[in-house]
Amino acid sequence: DILSIIVSSLDKDASAVLNAPNESSFITNTGLSGTNRLTIGYLVNQEGKIRFPILGDIKVTGMNKSQLTDHLTAQLNDKKLLVQPIVTIRQLNYRVSVLGEVAKPGVFSVPNEKLNLLEALSFADDITYYGKKDNVLLIRENDKGEKTIKRLDLTDSKILTSPYFYLQSNDILYVEPAANRLSREKAAQTLPIIFSILSVIVLGLTNIL
């Protein structure tokens, strides 16, 4: 993850020191347009830590944004670095994957941290005619690497109140093809073989006659 952490207080000069990005904060990222852009933030390393100015290494794995905000605020207060500091945290590399029977499958970066199922599908230009709207797979992985797979029915109004309606970073949506799509593809593969066999039979009968 790449986190944006902004600290503000009445002392602007002291806050500026804490907001200065360190060397490990510069990450090259590829946007949807295919062009490279520079993302400035705090990269969470393999040990689940970030290197924050003055405070040093801080373990962030296992904490949500609210907990990390409280932790940093407490650290700044305890060390008396700022008076009444305000800490604002955002995740910069929030992205989801939309695959399967959609018009434009791909991985989509999201500028904010609140994205629902319908918005994600709109990024992929919606489900195709052959997509199964009543059986969309949501694949979600937690911090321990454990995957959860849920089947969602987008035709049911209850989906709006589902705990899975709003997506999390790195979620994968997979839209399965409908049975008629599979039948058409199977037929398209089988018909040339049938025609070839019929041609051989007709040719054989012609030679006999």
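Colleague: In the hairpin of β5 and β6, which residue takes a positive phi?

Modeller: That residue is Ile 54, with a phi near 70 degrees, in a hairpin that has 3 residues between the strands. This is a predicted model, in which local features need pLDDT of at least 70 and side-chain atom pairs count only at pLDDT 80 or more, while totals for chains, interfaces and linings use all residues. Residues are numbered from 1 along each chain as its sequence is written, and side-chain values use heavy atoms, with hydrogens and water left out.

Colleague: Why is strand β1 described as largely enclosed?

Modeller: Buried means under 20% relative accessible area, exposed over 50%, and partly exposed in between (1.4 Å probe, protein chains only). In β1 (residues 2-8), 5 of the 7 residues are buried, so the rest of the structure largely encloses this strand. β1 pairs in the antiparallel sense with β7 (residues 86-91) over 6 bridges, where Ser 8 has Ile 86 as its partner. β1 also pairs with β4 (residues 42-43) over 2 bridges.

Colleague: Which strands are the edges of the open sheet, and what makes them edge strands?

Modeller: The sheet has 5 strands in the order β9-β8-β12-β10-β11, with mixed pairing. Its edges are β9 (106-109) and β11 (147-152), each of which pairs on one side only. Within this sheet, β10 (residues 131-141) and β12 (residues 172-177) pair in the antiparallel sense over 5 bridges, and Ile 139 has Ile 172 as its bridge partner in β12.

Colleague: What makes a group of residues a nonpolar core?

Modeller: The term denotes a set of buried Ala, Val, Leu, Ile, Met, Phe, Trp, Tyr and Cys residues joined through side-chain atoms within 4.5 Å. The largest such core has 21 residues, and Leu 117 and Leu 167 have the most contacts inside it. Helix α3 gives the most to this core, with 3 residues. Apart from it lies another core, of 17 residues, among them Phe 52, Leu 55, Val 60 and Leu 82.

Colleague: Why is the pair of Phe 108 and Phe 123 called tilted?

Modeller: Rings of Phe, Tyr and Trp (its six-membered ring) pair if their centres lie within 6.5 Å; planes under 30 degrees apart count as stacked, over 60 as edge-to-face and the rest as tilted. The structure holds 4 aromatic pairs. Phe 108 and Phe 123 stand 6.1 Å apart, centre to centre, with 40 degrees between the planes, so the pair is neither stacked nor edge-to-face and is called tilted. Because Phe 108 lies in strand β9 and Phe 123 in helix α3, the pair ties together parts 15 residues apart in sequence.

Colleague: How do you know whether Phe 108 is buried or exposed?

Modeller: Its relative accessible area is 9%, and Phe 108 is therefore buried. Phe 123, at 37%, counts as partly exposed.

Colleague: What makes the pair of Tyr 129 and Tyr 130 edge-to-face?

Modeller: Their planes stand 80 degrees apart, with 5.2 Å centre to centre. Tyr 129 is exposed, because its relative accessible area is 69%.

Methods. Pairing = 2+ DSSP bridges. Helix = DSSP H or I, 4+ residues; strand = E, 2+ residues; numbered from the N terminus.
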